[in-house]
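Please look over the structure shown here before reading the notes.

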Amino acid sequence: MAKIMHIHIPDGLLPIWLWLSGYLITIIFLLAVLPRIRKEIKKIPLAGMVTAVALLIMSVPLGLPIHLNLMVLIGILVGAHWSLIVALALNFILASFGHGGLTVIGLNTLVLWFQAIAGIFLFKSFIKIFKNYFASASLAAFISLAVSFLFFIGIIIVASTEPAEFLHSHEQIGHTEISLKTLLTLSLPIALFGILTESLVTGFIVQFIKKVKPDLIV
Amino acid sequence: MSSIYLIDYFANTIKSPMHQRTVISKLIFLLLILFSIVISESILILIFVFLTIIALLIAAKLPFLKILKWSVYPAFFASLFALSQIGFGLLPLQTILRAIDAAVLALLIVCTTPYPNLFSLFSKISVILSNVFFLAYRSFFLIIDELQTKIRILKLRGGYAGGPFRTLKNISAVIGQTLIYSAEKSEIIYNLLTVRGYQGIIFSKIKYKFKTLDLILIALGAAILILTIKL
């Protein structure tokens with residue numbers, strides 16, 4: 001089962017400063033988001049339920065060698081602020097239950113939250129243009145996931161660069177402990193396949209919810 | 001889907017010295033060992049850490065072969081990176097070992113700690129966070145049967161036939177139904193909690209009292225970290 005839709009970098013691969021930065025940025029965003037949602041206690045069970053569904057959906061066999069994240073859909077359902085909480089809960093539970101990546105929970109949360117926020121913004125923009133829920137949701141998911149894959153590659157590039165060199169030099173550093181070319185060759189086909197599948201599924205689900213319970217869509 | 005069921009079962013029903021340790025001592029142990037895994041550049045240390053965790057799994061009366069099987073998942077992803085590191089000496093092997101060590105370590109902690117104890121720690125950071133964690137975990141067991149039944153019906157009615165596009169559309173409908181079911185269920189849960197006086201806080205009481213074995217566990221973690229730094 002491939003899950004390259006969000007970073008699945010194993011523990012010990014990234015330099016300590018990078019994953020600690022991931023935690024630090026996540027905490028800063030949490031400090032900004034938590035006061036805004038403090039009074040929305042009615043949404044707490046919904047956020048919990050959506051997290052549980054996302055955990056389960058990752059286990060649903062698709063007949064294809066991938067599984068889904070559905071963060072764009074979650075963003076559309078719970079909104080931008082709550083999707084940070086869902087992304088954190090999802091990553092924490094997955095990392096604790098054997099998926100690995102305890103050190104990259106912070107970075108993973110940021111990537112998933114980015115997918116949700118970009119998805120909400122793009123979906124709202126596309127729906128005004130296309131007036132079609134399937135097309136708008138699919139396209140929003142495709143673009144969000146594709147950009148988050150580039151973010152994943154960006155993290156790998158930054159990881160193979162010393163912080164001082166990264167801050168003070170604009171040149172590509174020659175020394176790296178990961179062959180980016182090999183990594184791209186291995187991960188790009190899986191990512192493309194996964195992004196395409198998830199985009200279609202997001203479109204189908206949003207179309208279905210629009211028909212059956214339209215008030216669920218934010 | 002069954003792994004969370006089993007982890008919950010292992011954490012709540014098995015009685016062992018490891019299960020009886022406080023959450024704090026287990027988390028300190030986890031952090032010390034995780035730090036060792038992350039900074040270690042020695043294959044021997046990584047193997048030693050792995051064997052230590054296996055010994056603790058056995059001491060905790062946990063089925064270590066099953067737990068090792070679960071760690072294959074992160075090992076698979078680590079192998080993608082390991083293949084990209086061929087030509088950098090022992091680095092590919094280190095990458096895979098680190099991934100397996102960290103995954104098995106996390107599983108050791110969750111299989112010996114009931115989830116309310118684990119998630120209640122988040123209440124020190126934010127009550128909303130700990131509530132969402134707690135309700136997500138509880139909801140998992142509410143939804144799992146619903147989703148499994150729907151998937152079974154889909155299979156029986158030929159929902160997986162007709163090509164990948166049709167399959168995706170059918171599965172999407174099942175996921176959509178599950179999401180709607182969850183949203184409706186979340187409203188019921190909220191109403192029930194409100195009737196019981198819920199105001200955004202779920203209380204849980206956990207023990208923080210350290211015993212000798214807690215200190216031994218922390219000392220073991222510290223010893224491994226010192227060994228890692230020295231080597």
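The points below are grouped by topic. The model is predicted, and it scores ipTM 0.87 and pTM 0.87.

**Confidence**
- Chain B has a mean pLDDT of 88.
- In chain B, 97% of the residues reach a pLDDT of 70 or more.
- Where pLDDT is low, predicted coordinates should not be read in detail.

**Contact between chains A and B**
- On the chain A side, 58 residues are in contact with 63 residues of chain B.
- Helices H1 (16-37), H2 (43-57), H4 (80-99) and H8 (180-212) of chain A each supply at least two residues of the side that touches chain B.
- H2(A) gives the largest share of that side, with 13 residues.
- Sorted by class, the side of chain A that touches chain B holds 38 nonpolar, 15 polar and 5 charged residues.

**The largest nonpolar core**
- In soluble globular proteins, nonpolar side chains tend to be buried together.
- The largest nonpolar core has 134 residues.
- The members that touch the most other members are A:Val50, A:Ile74, A:Ile85, A:Val86, A:Ala89 and B:Val132.
- Helix H6 (residues 91-112) of chain B contributes the largest share of this core, 14 residues.
- Within chain B, domain 1 (2-113 + 207-230) and domain 2 (125-195) each provide at least three residues of the core.

**One core residue, A:Ile74**
- Which residues does A:Ile74 touch, not counting those up to four places away in sequence?
- A:Ile74 touches A:Val50, A:Ala54, A:Ser83, A:Val86 and A:Ala116 on that count.
- Two of these, A:Val50 and A:Val86, are listed with A:Ile74 among the core members that touch the most others.

Conventions:
Residues are numbered from 1 along each chain as its sequence is written. Chains are lettered from A and ligands numbered from 1 in the order in which they are written. This is a predicted model: local features need pLDDT of at least 70, side-chain atom pairs count only at pLDDT 80 or more; totals for chains, interfaces and linings use all residues. A nonpolar core is a set of buried Ala, Val, Leu, Ile, Met, Phe, Trp, Tyr and Cys residues joined through C-beta atoms within 7 Å. A residue is buried if 20 or more other C-beta atoms lie within 10 Å of its own, exposed if 12 or fewer, and partly exposed in between; C-beta atoms are placed from the backbone. Helices (H or I, at least four residues) and strands (E, at least two) are DSSP runs, numbered from the N terminus. Domain bounds come from an automatic or database domain assignment. Two residues are in contact if their C-beta atoms, placed from the backbone, lie within 7 Å. pLDDT is the predictor's confidence in each residue, from 0 to 100. Ala, Val, Leu, Ile, Met, Phe, Trp, Tyr, Cys and Pro count as nonpolar, Asp, Glu, Lys and Arg as charged, and the others, Gly among them, as polar.
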